[in-house]
Amino acid sequence: MNAHNADRAGSLLITFAVILLFASLPIGIFIVTFIHQSIYIDKSQWFFDSPMSSYITMVSILLIIPVLLIIIAVYLFKTDESRKRSLNVFIASIFTLLIMAAGGYLSIDNYYYMDKDGLYYDELWKLEQTVYPWDRITEMKQVNKKEAGTLTPDKLIFTYDNEKIELPLSPKLRNEVDPVIDYIENTKGIELVMEIITIDEE
């Protein structure tokens with residue numbers, strides 16, 4: 001790669017990096033949503049959702065890439081040794097691809113869903129999903145926050161002996177969780193406990 005081509009490649013990398021910096025948020029959300037809806041969702045599931053950590057990880061990966069591209073571009077501008085430059089750019093490109101692949105996989109493989117058998121949760125740093133059968137559930141609680149006279153649903157907690165699974169009560173979960181609660185109450189005999197946490201105003 002001669003100096004002219006290196007400068008041109010560096011300019012293109014910086015341009016692409018700037019575009020990706022601004023587009024990483026919508027692209028990251030789109031990728032996670034599209035793949036989960038296309039591959040992971042099944043008709044037998046009562047509820048499926050992607051934790052916030054899934055989106056944050058994907059967006060973070062997309063933000064790391066332009067930083068690495070800018071570093072590569074600066075290196076291209078400052079280095080004159082063609083052979084050494086090409087080898088280092090190749091190594092940096094492989095490193096970038098590995099980061100993308102690892103982070104992208106962890107992000108996509110981060111989800112939870114519920115069906116008639118239990119709660120399935122694949123956490124961000126685990127490579128396999130954990131199954132929490134409804135037969136082992138010992139308590140089910142909804143926590144609501146009360147602030148300035150307004151009561152807001154906050155989270156749903158499923159307790160399995162000493163282990164608690166906390167799910168944020170997003171609008172989607174609030175709209176789709178009724179079949180789950182009804183099934184647990186009617187079939188397993190575990191009643192939903194309501195807890196109100198009052199937030200003091202200063």
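A contact here means heavy atoms within 4.5 Å. With that in mind, welcome to a predicted model, shown in a set of close-up views.

**View 1. The whole protein chain, to get your bearings.** Five helices and eight strands make up the protein chain. Starting at the N terminus, the elements follow the order α-β-α-α-β-β-β-β-β-β-α-α-β. The chain has 202 residues, and 36% of them count as buried. Its accessible surface is about 12200 Å², with 61% of that belonging to carbon and sulfur atoms.

View 2. Helix α1 gives the most, with four residues. One to look for is Phe22, which is found in helix α1. Is Phe22 buried or exposed? Phe22 counts as exposed because its relative accessible area is 70%, and the cut-off for exposed is over 50%.

**View 3. Strand β3 and the strands that pair with it.** Begin with strand β2 (residues 111–115), which pairs with β3 in the antiparallel sense over five bridges. These two strands form a hairpin, with two residues between them. Within this pairing, Met114 stands opposite Leu119 in β3. Strand β3 also pairs with strand β4 (residues 130–133), again in the antiparallel sense, over four bridges. There, Gly118 has Pro133 in β4 as its bridge partner. How many of the five residues of strand β3 are buried? Five of the five, residues 118–122, are buried, so strand β3 is largely enclosed by the rest of the structure.

**View 4. The largest nonpolar core, and another one apart from it.** As a general background, nonpolar side chains tend to be buried together in soluble globular proteins. In this model, the largest nonpolar core has 21 residues. Those with the most contacts inside the core are Met114, Leu119, Trp134, Phe158 and Leu167. At least two core residues are supplied by each of β2, β3, β6 (150–160), β7 (163–168) and α5 (178–188). Another core, of six residues, lies apart from this one, and Ile61, Leu62, Ile65 and Leu69 are among its members.

**View 5. Met140 and its surroundings.** Strand β5 (residues 139–147) is where you will find Met140. Met140 counts as buried because its relative accessibility is 0%. Not counting residues up to four places away in sequence, Met140 touches Ile157, Phe158, Ile181, Ile184, Glu185, Ile190, Glu191, Leu192 and Val193. Take Val193 as an example: Met140 and Val193 are 53 residues apart in sequence, yet their C-alpha atoms are 6.2 Å apart in space.

**View 6. Asp109 in a loop.** This view moves to the loop between α3 (82–108) and β2, where Asp109 lies. Is Asp109 buried or exposed? Its relative accessible area is 7%, so Asp109 is buried. Leaving aside neighbours within four places in sequence, Asp109 is in contact with Tyr40, Asp122, Glu123, Lys126 and Leu127.

**View 7. Salt bridges.** A search of the whole structure finds five salt bridges, including the pairs described here. Lys188 and Asp135 meet through their side chains at 2.6 Å, N to O. This pair links distant parts of the chain, with Lys188 in helix α5 and Asp135 in the loop between β4 and β5, 53 residues apart. Lys188 is partly exposed, at 29% relative accessibility, whereas Asp135 is exposed, at 64%. Another salt bridge joins Glu166 and Lys155, whose closest N and O atoms are 3.2 Å apart. Here Glu166 in strand β7 and Lys155 in strand β6 are 11 residues apart. Both count as partly exposed, Glu166 at 42% relative accessibility and Lys155 at 22%. Lys116 and Asp117 form a salt bridge too, with the closest N and O atoms 3.4 Å apart. Lys116 is exposed, with a relative accessible area of 51%, and Asp117 is partly exposed, at 42% relative accessibility.

Terms used
Residues are numbered from 1 along each chain as its sequence is written. This is a predicted model: local features need pLDDT of at least 70, side-chain atom pairs count only at pLDDT 80 or more; totals for chains, interfaces and linings use all residues. Side-chain values use heavy atoms; hydrogens and water are left out. Buried means under 20% relative accessible area, exposed over 50%, partly exposed in between (1.4 Å probe, protein chains only). Two strands pair if DSSP finds at least two bridges between them. A nonpolar core is a set of buried Ala, Val, Leu, Ile, Met, Phe, Trp, Tyr and Cys residues joined through side-chain atoms within 4.5 Å. Accessible areas come from the Shrake-Rupley method with a 1.4 Å probe; for residues, only the protein chains shown count as cover. A salt bridge is a side-chain nitrogen of Lys or Arg within 4 Å of a carboxyl oxygen of Asp or Glu.
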